[in-house]
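Let's look at how the parts of a protein model sit against each other. Have the structure open while you read.

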There are 2 protein chains.
Amino acid sequence: MKKTARAHTNIALIKYWGKRDETLFLPTNSSLSITLDQFYTDTSVEFDDVLDQDTFTLNNQPVSETERIKISRFLDKVRSFTGETRFSRVESTNHVPTAAGFASSASGFSALAAAAVKAAGAEATLEELSILARQGSGSASRSVYGGFVEWQMGEREDGLDSYAKQILPEGTFDVSVLSVEVSTEQKKILSREGMKRTVETSPFYQGWLDTVGEDLTNIKDAIINQDFTRMGEILEYNALKMHATTLGANPPFLYWQSATLKVMEAVQAMREKGLECYFTIDAGPNVKVITTPKTEKEIEKKLRSLDVVKDIYPCRVGPGISYID
Amino acid sequence: MKKTARAHTNIALIKYWGKRDETLFLPTNSSLSITLDQFYTDTSVEFDDVLDQDTFTLNNQPVSETERIKISRFLDKVRSFTGETRFSRVESTNHVPTAAGFASSASGFSALAAAAVKAAGAEATLEELSILARQGSGSASRSVYGGFVEWQMGEREDGLDSYAKQILPEGTFDVSVLSVEVSTEQKKILSREGMKRTVETSPFYQGWLDTVGEDLTNIKDAIINQDFTRMGEILEYNALKMHATTLGANPPFLYWQSATLKVMEAVQAMREKGLECYFTIDAGPNVKVITTPKTEKEIEKKLRSLDVVKDIYPCRVGPGISYID
């Protein structure tokens, strides 16, 4: 019984920045994201007793053995949850612009969790899917749902209370997310590595932990009240704080490049001229500009005129997991 | 009796970032600087009983009344220290490239303190001059001395233990400081204002306070041992941490512009190619590159090739206060 699921990427407005457990992907703070409508992963899973190991193709290509083993370890968790004992054939197709700084791991593990549970003939609540997806990649816990989504960090050591829930469904409060790709040589400190070094060495990490809860409370209130300006101010502040913590790491590092700052400056300049837009930045040089559907086109045009901007990928608020067959 | 003193600007390697007393200019942390040889202020002071108020010309021009009153308040402190009762005629000439982000307040108040004490026919130790100068501008406390200078924050409420002392005299460990002016519209949050907002609102300020003492201890050790690399690593880290604190202020702000980051990236790229250089940044977009006299020319040339670099002002380690007549 082959089952296919689709899950969309998400962009965090309150960042997931730090793990308290590296193997279970348990975070040190709760986070909040928007699921995006344009970028997604389709994954089909079929358990089959003729297989003597899990197989995995990504965009119709077999992956490296390291990658395959990683997926197989994840499938062990699904087997343990469902009681399924067979190996499986996994086929995954990404529709994610990795050039714009999107990882496909959020949509990927979310789609995989959903398809695998279904293919095993089992049932899972969205919370259970979120817990499963989280164990592949932290941010995947949020891609289970559409709209605005909070990943509640939880307290338990086994992670059973660390899952996402929907704050506001898609179609209620539409915002526009412009993913701005800047011209840059990629000299990347992986998100996982940067997070770890920051947690372990930055004197600013405690300040992050001390204030992220307040940011989360405030932004949820802004989202529920559809207060775009307040949401924008909080999300930009939260992103700045996340990146500030890396400057205190030892050795220090910064995901921004001069091109990143140029886009940030442009966003602030447009805002001073009355255009509602705010930026957020993840563990890389690209910028996501959050604006309203009304001003999206004008802002995209202005951003495209910057010499450092290579491309822009516009999105709106997208849906949660769906099943294709 | 007209007396003229000269004092040089300085560049902080461990930043003065935060006041515990706004009127006495008492800092929340000790700091450390290099006095620069090329930029200075010459100030002459003459007390005269024909005057019914202090007069002040800067570069042969009378200053605004606000500025004059500020200087007069400072002279009150000198009068109180020396027992002098007359008003004075003050003439000051700046040789400081303010375009490169240098304030003239450090050299200015240091020269003024020295000339005024002398003109009053009094004597002051360098520590006493440092305490006086500090009450005009915090960083002026360091410009009393040449070479590498530490401003010890002190503990007393009256500030009598908050003064600078020399760590290593000029001529012992020569380093080159390239002040890099970047093309930029100045949209400045004054250092005093930025400092205050950061102390009052940034969740990262405690992390700054918790670690600046260690940076200071380590850099003093590096300087005394003339370990350029270690000194460079510490000063760059300290500058990054200072600027990180502003990203947590509410509202957040950043002194860097995209041009600033471009110079920072160039410095790191040169270093990766084996050229010894490190950056530091004060409360503005310009960058100071610390390098060795040996590599100074090569680095200056490479930096001048960047499109964002408007001009470069090279300096070496300079002297403390001197008296011209």
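How much area do domain 1 of chain A and domain 2 of chain A bury between them? About 3,000 Å², with 70% of it on carbon and sulfur atoms. Buried area here is the accessible area (1.4 Å probe) that two parts lose on being put together, summed over both.

## Ground rules

This is a predicted model, where local features need pLDDT of at least 70 and side-chain atom pairs count only at pLDDT 80 or more, while totals for chains, interfaces and linings use all residues. Residues are numbered from 1 along each chain as its sequence is written, chains are lettered from A and ligands numbered from 1 in the order written, and side-chain values use heavy atoms, leaving out hydrogens and water.

## Inside chain A

Chain A splits into domain 1 (3-172) and domain 2 (176-316), with bounds from an automatic or database domain assignment. Their C-alpha centres lie 24 Å apart. On the domain 1 side, I14(A), K15(A) and W17(A) lose the most area to domain 2, together 27% of what that side buries.

The rule finds 2 salt bridges across this interface; a salt bridge is a side-chain nitrogen of Lys or Arg within 4 Å of a carboxyl oxygen of Asp or Glu. Elsewhere in your view, look for E150(A) and K220(A), whose side chains meet in a salt bridge (2.8 Å, N to O).

## Between chains A and B

Now for the two chains: 25 residues of chain A are in contact (heavy atoms within 4.5 Å) with 25 residues of chain B. They bury about 2,000 Å², and carbon and sulfur atoms give 74% of that. F204(A), Y237(A) and L247(A) lose the most area on the chain A side, together 30% of what it buries. Salt bridges between the chains number 0.
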